[in-house]
Every structure is written in C-alpha cells, then in structure tokens.
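Hi,

Here is the structure I promised to pass on.

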Amino acid sequence: MRLIAAPLAFALLAAPAKADEISDTLEAALDAYRGGDIALAKEELEYASQLLSQLKAAGLTGFLPAPLDGWERSEPETQSVPAGMLGGGVVAEAVYTKGAARVYLRLMADHPMVAAMAPVFGNAALMGSMGEIRRIQRQKLVVTAEGGVQSLIGGKVFVAIDGDAALEDKLSYFEALDIDELKAF
C-alpha cells in the first residue's frame, strides 16, 4: 500500500501551497486510501482527473486564433469528455462571424478518434480519398467535398474548420493557428 501512496503523496507535496479544488480532492483521495476506503479514494481520483481534464480543455482554447480583421469571435467553449464516455478527450471551439458568414473552428485532443485518424493523415493516398490535399505552414490538410478543412497536428490535435463562409476564410483561420505550439500541446 505504501508503494502506491508514495507517488501520490510526493505529487501532493510538490503541488503549490495554495489549496485549490484539485489538490483538495487529491488529498481527500489520499485520506480515503489511508483510511482503507478504496471506493471513495477511487471516486476522488476520478473527480480530480476530470478537473484536470477541464483545465487542459481550458488551455486548448488559448490556441483558438483571434478573429481576423472584420470578424468577431464568440466566447470560446470547452468540453472535457470523461474517459468512460467516448474514450475521453478535450475539445475547444469558437464561432467566427462576419455579417452572415460563419466559420466554426474546433480543436480536439486526447481522444481515441484523434489517435485513430493518425494513419489517415499520415498517408497521402488516404488523405486524398477524403478531399483535396493542401499544405499551409508545412502542415498537410484536407479540404473536404463540403468545403471543410481538416488536419491532424503533431499526431495529437485534430482541427476541423467548417461553416458557410468562403473556403479562403476557412484557410485563413487555419493559417492563423500556431502550428508549432499545437504540436507541443
């Protein structure tokens, strides 16, 4: 039991001194574990994990580009999908508007679908079956038959851009992404 509790205790000691909900929840998990209540310890750890996923999802919104000249952006939305539901993951999205034109930009990470798409986006022939292949900032992307833009950045962040705006606008929003930083996410 001590071997399992030791890494968690070390992580708690390394955490900032200021208490927050995550560190409180981890402490509660450790207390429950020490008290022999494995079910409660597991529940607390799962809750802490969900809170951490929400933090990561919030961090993903920082990669949504500012609106281009003449455009407005909605308040970015985030979603963290629990591991038990659809395999988990984080999503950040925003809607960009200019008059009646709309661009929907969605970033998805840490989701099994993202991992499943890696072979497709790593193979030019498979990408070509999805639509027209292009490259922006040395990053391959697909323009779908419906006029959407899709790419897999660094094998871990899926980008989907669609809406009723012109394709050039969607490509401009793709170009506004910080590809190098998304690769490091």
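Phe-174 touches Ile-136, Gln-137, Gln-139, Leu-141, Val-149, Ser-151, Val-159, Ile-161 and Ile-179, leaving aside residues up to four places away in sequence; a contact here means heavy atoms within 4.5 Å. Before you read on: this is a predicted model, where local features need pLDDT of at least 70 and side-chain atom pairs count only at pLDDT 80 or more, while totals for chains, interfaces and linings use all residues. Residues are numbered from 1 along each chain as its sequence is written, and side-chain values use heavy atoms, with hydrogens and water left out.

Back to Phe-174: it is one of the residues with the most contacts inside the largest nonpolar core, which has 27 residues. (A nonpolar core is a set of buried Ala, Val, Leu, Ile, Met, Phe, Trp, Tyr and Cys residues joined through side-chain atoms within 4.5 Å; buried is under 20% relative accessible area, exposed over 50%, and partly exposed in between, with a 1.4 Å probe and protein chains only.) Among the elements that each supply at least two residues of this core are β3 (89-98), β4 (101-109), α6 (167-175) and α7 (179-184). Helices (H or I, at least four residues) and strands (E, at least two) are DSSP runs, numbered from the N terminus. Another core, of 10 residues, lies apart from it and includes Met-108, Val-114, Phe-121 and Phe-158.

Now the rings. A search of the whole structure finds 4 aromatic pairs. Rings of Phe, Tyr and Trp (its six-membered ring) pair if their centres lie within 6.5 Å; planes under 30 degrees apart are stacked, over 60 edge-to-face, and the rest tilted. Phe-63 and Phe-185 make an edge-to-face pair, at 5.6 Å centre to centre and 85 degrees between the planes. They sit 122 residues apart, with Phe-63 in the loop between α3 (38-61) and β1 (72-73) and Phe-185 in the segment after α7. Phe-63 counts as buried because its relative accessibility is 16%.

Trp-71 and Tyr-173 have ring centres 5.6 Å apart and planes at 85 degrees, so this pair is edge-to-face. Here, too, distant parts of the chain are linked: Trp-71 is in the loop between α3 and β1, Tyr-173 in helix α6, 102 residues apart. Both Trp-71 and Tyr-173 are buried, and together with Tyr-96 they form one aromatic cluster.

As for the protein overall, there are 7 helices and 8 strands, and 36% of the 185 residues count as buried.

Cheers
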